[in-house]
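This report is written for a reader who is meeting a protein model for the first time. Please keep the sequence and the structure in view while reading.

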Amino acid sequence: MNNEAIRCEDLVKTYNLGQVNEYKALKGINLTIKEGDFISIIGSSGSGKSTLLNLISCLDTPTSGEVYVDGTALSKLGDNERAKLRSQKLGFIFQQFNLLRGMTAYENIELAMRFAGKTKKERHERVQELLKQVGLENKGKNRPTQMSGGEQQRVAIARALANNPRIILGDEPTGNLDSATGATIMQLLTELNKDQNKTLVMVTHDPAIAKKAHRTVRIKDGKLEEEKRGALIENGNGSNG
Ligand SMILES: Nc1ncnc2c1ncn2[C@@H]1O[C@H](COP(=O)(O)OP(=O)(O)O)[C@@H](O)[C@H]1O
Ligand SMILES: [Mg+2]
């Protein structure tokens with residue numbers, strides 16, 4: 001068994017801005033995340049948090065360096081293999097929920113499973129189970145516009161869990177929610193970590209999330225530093241941006 005969920009080796013990401021300008025968003029990130037861990041990634045706005053998460057999520061490719069997911073080097077995979085790894089091993093939650101507007105809660109969750117080749121019956125059973133798990137058994141027919149922000153994020157969590165991935169990645173998942181709703185969403189995510197040993201990687205501005213995590217790292221000037229637990233709790237200071 002590989003007990004390393006994710007490993008980033010010397011990750012560099014440079015964005016090209018026209019012909020001559022470039023911006024070094026990540027300047028050599030080394031990070032190992034253990035299976036079953038709950039890590040928060042903090043840092044001021046524009047520090048490179050989303051950039052790092054997008055590289056781990058195979059949404060973008062690094063300028064140099066390597067990301068390993070469950071021991072597999074992402075750069076060695078072809079497009080199809082990468083898509084397969086994403087759908088089997090990773091689940092994503094975004095600040096803007098990113099649900100498809102024209103689809104119901106049920107259909108949004110089911111869609112993730114269609115790509116994984118599940119039968120209609122399997123999909124139906126799984127969607128019902130997931131709706132129940134996130135406390136939305138009566139909202140399957142609602143479209144995103146007919147749900148509150150907290151409910152939409154629950155649908156997004158159910159969708160992220162659809163193919164039973166071992167790793168859940170969130171980019172400021174409570175960023176668009178009021179603090180009480182954010183807390184219930186965090187509760188749900190914390191339970192997935194505790195009860196099902198899912199690895200949680202949460203980018204956040206929210207000190208309350210950072211405090212719940214087992215480990216916190218900060219991105220600053222394109223580099224990563226380990227955050228001391230004491231400092232975080234004393235200052236209540238998860239971020240400055
Ligand atoms: N596609 C892009 N092209 C050019 N610059 C980008 C691009 N995406 C992000 N950046 C820049 O990289 C830096 C890090 O961005 P990001 O990772 O989104 O920060 P964070 O999520 O921490 O707020 C910012 O300065 C941002 O302007
Ligand atoms: Mg961001």
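## Confidence in the model

Among the elements of the protein, strand 4 has the highest mean pLDDT, at 98, whereas helix 8, which covers residues 229–235, has the lowest, at 53. These values belong to a predicted model, and over the protein the pLDDT averages 91, with 94% of the residues scoring at least 70.

A stretch that calls for caution is residues 233–241, where pLDDT stays under 50 and for which the model has 19 contacts beyond four places in sequence.

Four strands make up an open sheet in the order 2-1-4-5, and their pairing is antiparallel. Strand 2 (21–34) and strand 5 (72–73) stand at the edges with a single partner strand each, and therefore one side of each is left without a neighbour in the sheet. As a general point, strands of a sheet pair through backbone hydrogen bonds, in either a parallel or an antiparallel way.

Helix 1, made of residues 49–56, lies across strand 1, strand 2 and strand 4 (64–69), and the helix runs at about 120° to strand 1.

Which residues are around ligand 1? They are Y15, L17, Y23, A25, G43, S45, G46, S47, G48, K49, S50 and T51. Strand 1, strand 2 and helix 1 are the elements that give two or more residues to this shell, and the largest share, three residues, comes from helix 1. Sorted by class, the shell around ligand 1 has four nonpolar residues, seven polar residues and one charged residue.

The bridge partner of I219 is L224 in strand 10. Strand 9 and strand 10 form a hairpin with two residues between them, and in the turn D221 has a positive phi of about 50°.

## Two residues in loops

E172 lies in the loop between strand 7 (167–171) and helix 6 (179–196). Is E172 buried or exposed? E172 counts as buried because there are 20 C-beta neighbours inside 10 Å. When residues up to four places away in sequence are left out, E172 touches Q95, V203, T204 and H205. E172 and D206 are 34 residues apart in sequence, while in space they are 8.0 Å apart, taken from C-alpha to C-alpha.

F115 has its place in another loop, the one between helix 3 (105–114) and helix 4 (120–133). With 13 other C-beta atoms within 10 Å, F115 is partly exposed. F115 and K84 are 31 residues apart in sequence, and their C-alpha atoms are 9.0 Å apart in space.

Technical notes
Residues numbered from 1 in each chain as written. Chains lettered and ligands numbered in written order. Predicted model: local features only at pLDDT ≥ 70, side-chain atom pairs only at ≥ 80, totals over all residues. Pairing = 2+ DSSP bridges. Contact = placed C-beta atoms within 7 Å. Axes fitted to C-alpha atoms, helices over the stretch in contact; angles between N-to-C directions. Near = placed C-beta within 6 Å. Nonpolar A, V, L, I, M, F, W, Y, C, P; charged D, E, K, R; others polar. pLDDT = per-residue confidence, 0-100. Buried ≥ 20, exposed ≤ 12 C-beta atoms within 10 Å, placed from the backbone.
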